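Visitor: I would like a close look at a single part of this model, taken slowly, and then to hear how other parts of the chain are arranged. Could you guide me through it in one connected account?

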Amino acid sequence: MSNRISDALGGPKMEGEKSSDENLQQHGHKVVLPPKQSLVKEIGQSLKETFFHDDPLRSFKDQPKSKKLLLGLQAIFPILEWGREYSLSKFKGDFIAGLTIASLCIPQDIGYSKLANLDAQFGLYSSFVPPLVYAFMGSSRDIAIGPVAVVSLLLGTMLQQELDPVKQKHDYQRLAFTATFFAGITQFFLGFFRLGFLIDFLSHAAIVGFMGGAAITIALQQLKGLLGIKNFTKKSDIVSVMRSVWTAVHHGWNYQTILIGVSFLAFLLLAKYIGKKYRKYFWVSAIAPLISVIISTFCVYITHAEKQGVQIVRDIKRGINPASAHEIFFTGSYLGKGFRIGVIAGMIGLTEAIAIGRTFAAMKDYHLDGNREMVALGSMNIIGSLSSCYVATGSFSRSAVNNMAGCKTAVSNIVMSLVVLLTLEFITPLFKYTPNAILASIIITAVLGLIDIDAMLLIWKIDKFDFVACMGAFIGVVFISVEIGLLIAVAISFAKILLQVTRPRTAVLGKLPRTNLYRNIQQYPDATKVPGILVIRVDSAIYFSNSNYIRERILRWLTDEEEQQKKHIQTKIQYLIIEMSPVTDIDTSGIHALEDLYKSLLKRDVQLILANPGPVVIDKLHASDFANMIGEDKIFLTVSDAVMTCAPKLEP
């Protein structure tokens, strides 16, 4: 028996070699208590790690008051920091990028405003004021600000459930401004109080599924404009849309509209393919929408196709944004509805913008302050709601074009905003004869990029539960509604968190040959168990939500091991070692679970051993007197130390 144990431990002890107890005593490798901290200091440190982990006030230390004032202003308006180093060469890149994204955003904005069931000018308004505000307050160099398809659809779908956008047009617009105001308040609140981590609860997989489903829903909605259908369903699910399309096939389709829409859709898809395949020709896909609008508008104007049933944009209100502070519902029954819609739209807009910002920041290797971004996005939407704008955020397509066009700073947003201003003042009358089919084609082309098949396949390969979240959100949006799809995405994301918290992983460890390392025997089949000793690792903090499960799972491991030993006539388990390196924390319920485990093991004549508890855990084990209950000599620095100490004591 002793030979088998020696083999498992790496060979027999040489003559004159000191025992493990003597080694431990000589070198002092024992688990020690961390220094005691006052309650105030402990709470303060915990809050700092939660809300101020990036130490945002570090630059203010040991600075004179004048410098602190300047740093404070730079924190609110980053343009004061990078603006001092701005140069003509940077402006050249920003100017070209600004003109390029302006040519893309103008036709898109007109189309997106229709998704939100608002007049065309509101989309242009939302690409004038918000980008200006963001340019002064945002920290991303690459994000292009304006209305986006997903948020426009979400806003339009939720608003029309409360008010009819045609019969109650004025109140509908007021509710849109109210929702935008509260979207901004939500974003500002999350950033100011450093609660940005809350948006991370919506998993990447759920976002991929939601965006893909929303893209298909948006594309299906454009069949109304692409086919020239007048009577179209207000529902967004695929069944209702396809039924509406099919019932109109004999008397509702307009073939002149189809000819215009399909022709320019093919042109836009070709331009997009060229811009994607040959990066130096990115400008082809950027200016293709504006070219399509100009050519199609001219063709409709000279042929008077509107008299043949081709639906056109008609009049777009001329002039810059009118004030709308007096239009927001601050009282009445619509206040609560505007708040609810605004919070949802604000969170989705925030998630999209932060994802875009982080992507480009990683590509260009610069720091993006997430909380500062939220404050900037919130501020621009609050100001936007006071100037007739609806929810604006970062756009995937425009930001990509902005980056490829060579933008250097947020000045590209200022250039784009000024171009939109000129458009509002002088050019909007020219859009009167723009066919709706062109706007539908532009939107379809834009949203196709939101369907990320490669990301879905990668999610399937990596994590099947993530894939369920992705498909749940996707199916919910496509077959039910945008809100239900979003709800499913959030629900599955939280379900995954709860599952991981309440059912953490545990593993039986074995010793790797010729080492003192103990690893999962399922991952390392050549790892061997030490006879008479069961080593189990708990891969989670032990809280009230999982403490009973962990206790029962450990006992089940022990029962399984004892059954195996009876079959093979092996040494009875006398020691159960719990590797606690991954256990970052433990609460009262966790302590009680360990106490119950200890008592259960005593009845089985098995001793409980703990290996390498962290500072927080060991402090609580001593505070609860559990360390004295099992004996401080049963707490070791490593699994190897515990095994070396226990193995010689095993009865042959």
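Guide: Asp526 sits in the loop that runs between β4 (518-520) and β5 (533-538), and in this predicted model the residue has a relative accessibility of 47%, so that it counts as partly exposed, a class that lies between the limits of 20% and 50%. Once neighbours within four places in sequence are set aside, Asp526 is in contact with Lys511, Leu512 and Pro513. Ile320, by comparison, is 206 residues from Asp526 in sequence, and the two C-alpha atoms are 73 Å apart in space.

With a relative accessibility of 5%, Val639 counts as buried, and, when residues up to four places away in sequence are not counted, Val639 touches Tyr518, Val535, Glu579 and Ala611. Between Val639 and Leu610, which are 29 residues apart along the chain, the C-alpha separation is 8.3 Å.

From there the account turns to a pair of helices. Helix α11, residues 204-221, packs against helix α22, residues 464-479, with an angle of about 25 degrees and with the axes 7 Å apart; because angles under 35 degrees count as roughly parallel, α11 and α22 are described in that way, and their crossing is right-handed. On the α11 side the contact is made by Ala205, Ala206, Val208, Gly209, Phe210, Gly212, Gly213, Ala214, Ile216 and Thr217, while α22 contributes Asp466, Ala469, Cys470, Ala473, Phe474, Val477 and Val478. Sorted by class, this contact has 12 nonpolar, 4 polar and 1 charged residues.

Thr217, found in helix α11, is buried, with a relative accessible area of 1%. Leaving aside neighbours within four places in sequence, Thr217 is in contact with Val477 and Val478, and also with Leu153 and Ser236.

The last topic is the nonpolar interior. In soluble globular proteins, nonpolar side chains tend to be buried together. The largest nonpolar core here has 115 residues, and those touching the most other members are Val150, Leu155, Phe210, Ile218, Ile348 and Val447. Phe210 is also among the α11 residues that make the contact with α22. Val447, for its part, is in contact with Ala149, Ala215, Ile218 and Ala219, leaving aside its neighbours within four places in sequence. Apart from this core lies another, of 31 residues, including Ile591, Leu597, Tyr598 and Val617.

Definitions and conventions
Residues numbered from 1 in each chain as written. Predicted model: local features only at pLDDT ≥ 70, side-chain atom pairs only at ≥ 80, totals over all residues. Heavy atoms only, no water. Core = buried A, V, L, I, M, F, W, Y, C linked by side-chain atoms within 4.5 Å. Buried < 20%, exposed > 50% of the residue type's maximum accessible area, 1.4 Å probe, protein only. Contact = heavy atoms within 4.5 Å. Axes fitted to C-alpha atoms, helices over the stretch in contact; angles between N-to-C directions. Helix = DSSP H or I, 4+ residues; strand = E, 2+ residues; numbered from the N terminus. Parallel < 35°, antiparallel > 145°, perpendicular 65-115°, else oblique. Left-handed = near helix turned anticlockwise from the far one by under 90°. Nonpolar A, V, L, I, M, F, W, Y, C, P; charged D, E, K, R; others polar.
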